[in-house]
Amino acid sequence: MSLVAPVTQIPSFVWDTSKARHLLERAGFGIPPSAIQRLAAMSPQEAVESLVSYERYPDPYPQLQDLPPVDDEQMARKKLSQLSAEERQRLLRERRQTEREAMVRLQMWWLERMRTTPRPLQEKMTLFWHGHFAVSAEKVRFARLLYDLNTVMRRYAVGNFGQLVRAVGKSPAMLAYLDNRTSRKDSPNENWARELFELFTLGEGHYTERDIKEAARAFTGWTSRGDQFVFVARNHDDGTKSIFGRVGRFDGDAVIDLVLQQPACAEFICKKLWTFFAYENPEEEIVKELSKTLRNSNYELAPVLRQMFLSQAFYSPKAVASQLKSPAQYVIQLTGQLGTELPPAPITVAAMRAMGQELFHPPNVKGWEGGRSWITTNTVFVRCSFARYLLTGEPPQGARLARAERIPRRPDEAGRNPETSTIMRDAGVASDDMTMSDSSIDAFLLALANPGLPREPRQSVSLPFDINKFFAPYENWKVEKLVSSLTAYFLPVGLSDNQRRVLLDLATESENKSGEKAGLVRDLSLSKRQALMYLLLSAAEYQLC
Amino acid sequence: MSQRNLYTRREFLRAGTMVAAGCMIPRFLVELASATASAAGGGSAGERVLVVVQLAGGNDGLNTLIPYSDDVYYRARPRLAIPRAELLILDDHVGLHPSLTELKKLFDRGQVVIVEGVGYPNPNRSHFRSMEIWHTASDSKTTLSSGWIGRYLDACAAQYGNDPTLAIAMTGARPQAFYGRRGLGVAVAAPGRFTWPAGPDGANVERFRAMNSAAKETQNASLDFVRHVMADAVLSADKIQAVTKRYKSRVTYPNTQFASDLRNIAMMIAGGLPTKMYFVSLSGFDTHANQLNVHSRLLKEFAEGIAAFITDLEQQGQSERMLVLTFSEFGRRVAENASGGTDHGTAEPVFIIGPGVRAGLHGRRPSLTNLDNGDLVFTTDFRSIYATVIEDWLGANARLILGHDFPKTSLVNQKAKTA
């Protein structure tokens, strides 16, 4: 039986809550937890359909409003040249500040959307494309352009890959990120052409250096003005080019057509999709079958996703609970499972950065490496700190000592907070290629120590998570039963007897009011509950999905 | 006779066996060897440290070490060429970029080697592939998963033991150069705060360890992986916390991330960690557009960071133990592009810095006219430099680690050279 054979044809296949959980965690973010039961009650096809064919559910999430407009560069330059040096400085400074704040709003807007969407796969696929067609705010500093590109990715999330490539290539964000904006026929810039082949469509080994040089000529003239794509004919090289052995007066759109005709393209995308959703290094057969589907559907993505989510390999032991949660998955799923809000923007953004995945800040044009690279000696500590903060509200030890001179003042009595954006400014140190800097962790610790809000002074800074409310239904349970139940709720795999004993020892070492060993949940103090939850969420198992 | 001498005698007795010096010591002697290594001072191979500096993105070598005597350079770069008058002249042909003042001072003090024209055959112009080639020390047709530092640690594990802190990267994740069979080497982005955050009411690190014991393998490789990382993290954290408290420095480092990373490395070197290899990355060198200012700032950040680091180690009496090796995944195209930048190229100059070097310009200067597709043709294989550092500085067997023999260059001075 083929690895991608639909599970509906496998007599021994049982659709149950663990399979439904797997599907929800991969095709979405594993939340809301109650959805697992609802998916398990459907047939596998219905469950997959409810994720893939999301167009039928209205999308109530509001668009992001009031992002600063992107001026036409020439106009802006002219305007600036009329100002005095001092005014110009001030204007530019204000502009940078506005963009930084907009960038934070943009990140929070998307995270919130991931948490609350009725279309989890749309957001998961948008996240996939976000890492695939990586564009970083470190270079493209206009939130508006990044938002527009994000919107393009969401529009085509499970749509047509060819249309998506074209729309991305013409997006002002990508034109700026890979320098095609300034590419002209007298000396073309190869950056976009190279990454289009190497990272976006074909992969290494399926093109020559000459193909890149020729394709770069074809894309000359693709540029942008403000937030609009423009084609400037006088900068375009309309001569004859030779690409993939074909000769013609190709322009940019023609190159994308040629790329889509390469057999390597569908395979490249399908392999990456499988790696993202199921497991790394998929069997050749899987890639072959999926790319056949992609080509036959003329690069429509939904059929491939259906096939993938219904294939037996997707539910094999190799796939289930074998992935390391990305930081986005970790933060969204953890807050979703706890039923708590996202922490204030400074904390959430700084935490994501310290975990190695700040949205709109991929480390380089290859996007996030993913897989095992998520879990490092640094990030395990950061993840634990974040969980501890949610459970206890406690900033990490030493946070105050870390660059104390940078700690901003607390909001004044009127709730105004003139200093707080400093947090974000400090946190705004460039995150760079292949590294995550010391300052990102500092910034996270700082943000935890000072959860004051820059944007919304009225929002209260209370304990992030009400643990007693969370435990309320279980007060009369035995501690053993609670531990089993929490384990099943949070972890995708069970615990060993030893691990259970560690948790039980921790829970029951305290005494209840009559001096007996704690046996019931109601005997557990607040700090004991926090400790128990913290240790459980610090388990290696919680990093899996 | 001290235990240290006992170890070197054993090593000596085994010297005929074509293995890395000290890499085949029986286990029972290992503990002695590594236990004494950190206690003994001085500059013998056992205490040697290599600091690998990655200039990520592809450093424009031609605007770093500038061939000012060659008109071709000025013709190829009408907007980007640095005028001769601004250069820090090294000889009749080349000078350093004006932002490298601090590096020039070190050069004048006999602490800098510059190897020109470093690269490899059939160069790859992809950041990721070329970076992988430099990290794994493979040729451009072979894909290796293990890194050259990882293989060095594997080869020397018998000598130094399975200590995860044998290599430390000041980065978010372990660089590929660290990958090896034993999985040694850790990423420590912020040593001062590198610790498991203990929880309230009994959620202590002992219980964290017990919950995540990596002693037994499970059916789930990802789970085992996370547990190993957690174990390494907790183990390293203990050691690093212990040394960070001892460090005091009178040197003021520049206020940059790169300098702060180097300061942390100085702290760990001075604190006596058994670490053999440190890895630090400075990025932003992918200058396709408007290169002049960005590149100038980066070179300044690089040179000033290195200078402060060397001064600090000198004051700590530790500089003799240390050698810095820089690399970038490639240099850049000879001709500038339309965006005031340069595209991906090939050969580049490599810097080796420290009191142990035979200072000066090394390697054959690449031609600006005999180009391959508009790119420089390399004259020194980067693995020759690795081989030299591995044998002459670290006293290990390069062939074992690199898989082939590469001609060594004489960049380590006679005094510092391992026997």
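**Reading the terms in a two-chain model**

Me: Which residues of helix α8 (residues 161-169) of chain A are buried?
Reply: In α8(A), the buried residues are F161(A), L164(A), V165(A), A167(A), V168(A) and G169(A). A residue is called buried if 20 or more other C-beta atoms, placed from the backbone, lie within 10 Å of its own, exposed if 12 or fewer do, and partly exposed in between. This is a predicted model, in which local features need pLDDT of at least 70 and side-chain atom pairs count only at pLDDT 80 or more, while totals for chains, interfaces and linings use all residues. Residues are numbered from 1 along each chain as its sequence is written, and chains are lettered from A and ligands numbered from 1 in the order in which they are written.

Me: What covers the buried residues of α8(A)?
Reply: The cover includes α7 (143-155), α9 (172-177), α10, α12 (252-261) and α13 (263-277) of chain A. Helices (H or I, at least four residues) and strands (E, at least two) are DSSP runs numbered from the N terminus. Contact requires two C-beta atoms, placed from the backbone, to lie within 7 Å.

Me: What makes D179(A) buried or exposed?
Reply: D179(A) has 23 other C-beta atoms within 10 Å, and therefore it counts as buried. D179(A) lies in the loop between α9 and α10 of chain A. Although D179(A) is not a glycine, its phi is positive, at about 65°.

Me: What makes N281(A) buried or exposed?
Reply: N281(A) has 7 other C-beta atoms within 10 Å, and therefore it is exposed. N281(A) sits in the loop between α13 and α14 (284-296) of chain A. N281(A) also has a positive phi, about 50°, without being a glycine. Most residues other than glycine have a negative phi, and most peptide bonds are trans.

Me: Which peptide bond is cis, and what is its omega?
Reply: The cis bond joins I31(A) and P32(A), with omega about -5°. P32(A) belongs to the loop between α1 (17-27) and α2 (34-40) of chain A.

Me: Why is the packing of α5(A) and α16(A) called oblique?
Reply: Helix α5 (residues 85-116) and helix α16 (residues 327-338) of chain A pack at about 55°, with their axes 10 Å apart. That angle makes α5(A) oblique to α16(A). Angles under 35 degrees count as roughly parallel, over 145 as roughly antiparallel, 65 to 115 as roughly perpendicular and the rest as oblique. The axes are lines fitted to C-alpha atoms over the stretch in contact, and angles run from 0 to 180 degrees between N-to-C directions.

Me: Which residues meet where α5(A) and α16(A) pack?
Reply: L111(A), M114(A) and R115(A) of α5(A) meet A328(A), I332(A), T335(A) and G336(A) of α16(A). By class, this contact holds four nonpolar, two polar and one charged residues. Ala, Val, Leu, Ile, Met, Phe, Trp, Tyr, Cys and Pro count as nonpolar, Asp, Glu, Lys and Arg as charged, and the others, Gly among them, as polar.

Me: How do you know that strand β10 (residues 348-353) of chain B is largely enclosed?
Reply: Six of its six residues are buried, so β10(B) is largely enclosed by the rest of the structure. Both faces are covered, with E348(B), V350(B) and I352(B) buried on one side and P349(B), F351(B) and I353(B) on the other.

Me: Which strands are joined to β10(B) by bridges?
Reply: Strand β5 (residues 112-119) of chain B runs antiparallel to β10(B) and is joined to it by five bridges. There, V113(B) has I352(B) as its bridge partner. Strand β9 (residues 322-327) of chain B is also antiparallel to β10(B), with two bridges. V324(B) stands opposite I353(B). Two strands pair if DSSP finds at least two bridges between them.

Me: Why do β2 (65-66) and β3 (88-89) of chain B count as edge strands?
Reply: The open sheet has three strands in the order β2-β4-β3 (chain B), with antiparallel pairing. β2(B) and β3(B) each have a single partner strand, so one side of each is left without a neighbour in the sheet. Two bridges join β3(B) to β4 (residues 95-96) of chain B, and I89(B) stands opposite G95(B).

Me: How many residues does each chain bring to the contact between the chains?
Reply: Chain A supplies 64 residues and chain B supplies 55 residues. On the side of chain A, α10 (191-201), α18 (377-392), α20 (438-449), α23 (497-508) and α24 (526-537) each provide at least two residues. The largest share, eight residues, comes from α18(A). By class, the side of chain A that touches chain B has 22 nonpolar, 25 polar and 17 charged residues.
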